[in-house]
Amino acid sequence: MTKFDIVIRNGLVIDGTGAERFRADVAISDDRIIAVGEVDPTLWAREIDAAGLIVAPGFIDVHTHDDRALLSMPDMTPKVSQGVTSVVAGNCGVSLAPLALAEVPPPPLDLLGSEPGWFHFERFGQYVEALRESPPAVNYGLLVGHITLRHRVMDRFDRAARPSENAEMQRQVDAAMKEGAIGFSTGLDYPSAVAAPTEEILPLVAALKPHDGIYCSHHRNYFDRLEEAIDEALAIGRETQVPLTISHHQCTGAANFGKGPKTLAVIDKARQNQVVGLDAYPYDASSKTLDPGRAQPGVRIMVTWSTPFPDLAGRMLDEIAQGWGCSAAAAAERLLPAGAIYFQLDEDDVRAILAYEHTMIGSDGLPHDVHPHPRLWGTFPRVLGHYSRDCGLFSLEEAVRRMTSLPTRWFGFRDRGVLRPGAFADVAMFDPVTVNDKGSFTAPAQPAEGIALVMVNGNIVWQANRHTGMRPGRRLRREPGA
Ligand code: ZN
Ligand code: CU
């Protein structure tokens, strides 16, 4: 009699709770884990040998721009090759729905790719339905973005939304939540959102309250007004009593170096009075659309894509400017629309932020960049290999907790992020000795090392360095307290 579809044998289980690893078999039936422990060897159909490997819950990438990739690159190889089994999309104010646009998407909507035609979901529910009909390899939680709503509702962006426009955006947040979103995001330093005052954001976040939604904030400034911007985000969360995620927490620019411990202290204090979480990626360089205003002397910038000059992807802005005999800012203007990597973070701050016990891991990877930031392919293995094993920033058990049960509790993804009987069979198997990211800033698109097998809802999607072609991903609901 066969009772289980698959049993993973001989591995060391790190269950995602932070508990120490232990030797156990993991038995899976259909999409669920049925047993963790000793399993009768006559009862399974298929055996997977995990000798020498860690068996962990699949990782949750809490900060992504995968909205369109879930449809256009449904294998999601940059993610599953890292052990990622679930993503949260729609961050930084940019979501694929609800918005229909015939033309090339204007920045920063082009974070989702600069080709026309992809923004064609008038209703959030149509996007949800498209994903249900053509599922990706990973599970997905979806946010609705403020910038997307501004583009839907407003004719110009250098002003606050009028009361009627704000009412329409509130209606759209409400509709998106009813049709499958888990929350709302902002990107308040992007040109089409900088003119939105706090008063514009407050009612949009408040509209989440009846739905138990979550607010993910790429706040107003990560540079010279960093502290002020964090205060604004905290105030919005406090006033609306909606859980606040501070997105890609970082202290950008030389003037901010060393501030990490201070901003963390502010967040820690706020946590006594309100619900606050945060995410970060494990690199000392950031990436977003190319901003000529940031092309200052001494700032190293790499071009990740450029519509007028596609061949220059991967080149340093300084070199391009030299070749053209102009300033870096002038070169940046000519390259637009374009994306960039900014080498402007302090390694000690990156470590302090990663080491903070409440920090979740989010890649912020940009899947449509021609020459992406290496975080797209390497975030999770880099935390496990480089920061946990090689730098000793925290134990492997703690590293796994940051990318599994911490985010599933925060977002309310029921029965995920832990290896225990009854949980969904989202599994990442990896070699603790070799796991690491392989991509670099010059050659970013490299599958990680040491990820042996990845399973989503009981289906193997990645094995022996290859995608199996399976696409078993499902939409994730937010069920607080789950
Ligand atoms: Zn952002
Ligand atoms: Cu982002």
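Biologist: Which ring does the charged end of Arg416 sit over?
Modeller: The ring of Phe424. The charged end of Arg416 is 3.8 Å from the ring centre. Bear in mind that this is a predicted model.

Biologist: And Arg375, which ring is under its charged end?
Modeller: That one is Tyr281. The distance to the ring centre is 4.5 Å. Tyr281 also turns up in the lining of the second largest cavity, among the residues nearest its centre.

Biologist: Okay, cavities then. How many of 30 Å³ or more does the search find?
Modeller: Four, over the whole structure.

Biologist: Stay with the second largest cavity. What is its volume?
Modeller: About 100 Å³. Its lining has 13 residues. Besides Tyr281, those nearest the centre are His249, Gln250, Leu345 and Val350.

Biologist: Which element gives the largest share of that lining?
Modeller: Helix α11, residues 347–355, with four residues.

Biologist: How does the lining of the second largest cavity divide by residue type?
Modeller: Eight nonpolar, three polar and two charged.

Biologist: Now the largest cavity. How much space is in there?
Modeller: About 170 Å³. The lining takes in 19 residues. His218, His248, Ser286, Ser287 and Lys288 lie nearest the centre.

Biologist: Which strand gives the most to that lining?
Modeller: Strand β17, residues 286–289. It supplies three residues.

Biologist: And the residue types there?
Modeller: Seven nonpolar, seven polar and five charged.

Biologist: Switching to rings. How many aromatic pairs does the count come to?
Modeller: Nine. One of them is Phe124 with Tyr127, an edge-to-face pair. Their centres are 6.1 Å apart, with 85° between the planes.

Biologist: Where do Phe124 and Tyr127 sit in the fold?
Modeller: Both are in helix α3, residues 124–133. They are three residues apart, so about one helical turn separates them.

Biologist: What about Phe309 and Trp324, what sort of pair is that?
Modeller: Tilted, because the planes are at 50°. The ring centres are 4.8 Å apart.

Biologist: Which parts does that pair tie together?
Modeller: Phe309 is in the loop between β18 and α9, and Trp324 is in helix α9 itself. So the pair links parts 15 residues apart in sequence.

Biologist: How accessible are those two?
Modeller: Phe309 is partly exposed at 25% relative accessible area. Trp324 is partly exposed too, at 26%.

Biologist: Last one. Which residues do ring pairs link into a cluster?
Modeller: Phe59, Phe380 and Phe430.

Key. Residues numbered from 1 in each chain as written. Chains lettered and ligands numbered in written order. Predicted model: local features only at pLDDT ≥ 70, side-chain atom pairs only at ≥ 80, totals over all residues. Heavy atoms only, no water. 1 Å grid on protein atoms, 1.4 Å probe; cavity = no way out; pocket = protein on both sides within 12 Å on 5 of 7 lines; lining within 4 Å. Points joined across faces, edges and corners; volume = space filled by probe spheres on them. Helix = DSSP H or I, 4+ residues; strand = E, 2+ residues; numbered from the N terminus. Nonpolar A, V, L, I, M, F, W, Y, C, P; charged D, E, K, R; others polar. Phe/Tyr/Trp six-rings, centres within 6.5 Å; stacked < 30°, edge-to-face > 60°. Buried < 20%, exposed > 50% of the residue type's maximum accessible area, 1.4 Å probe, protein only. Lys NZ or Arg CZ within 6 Å of the ring centre and 35° of its normal.
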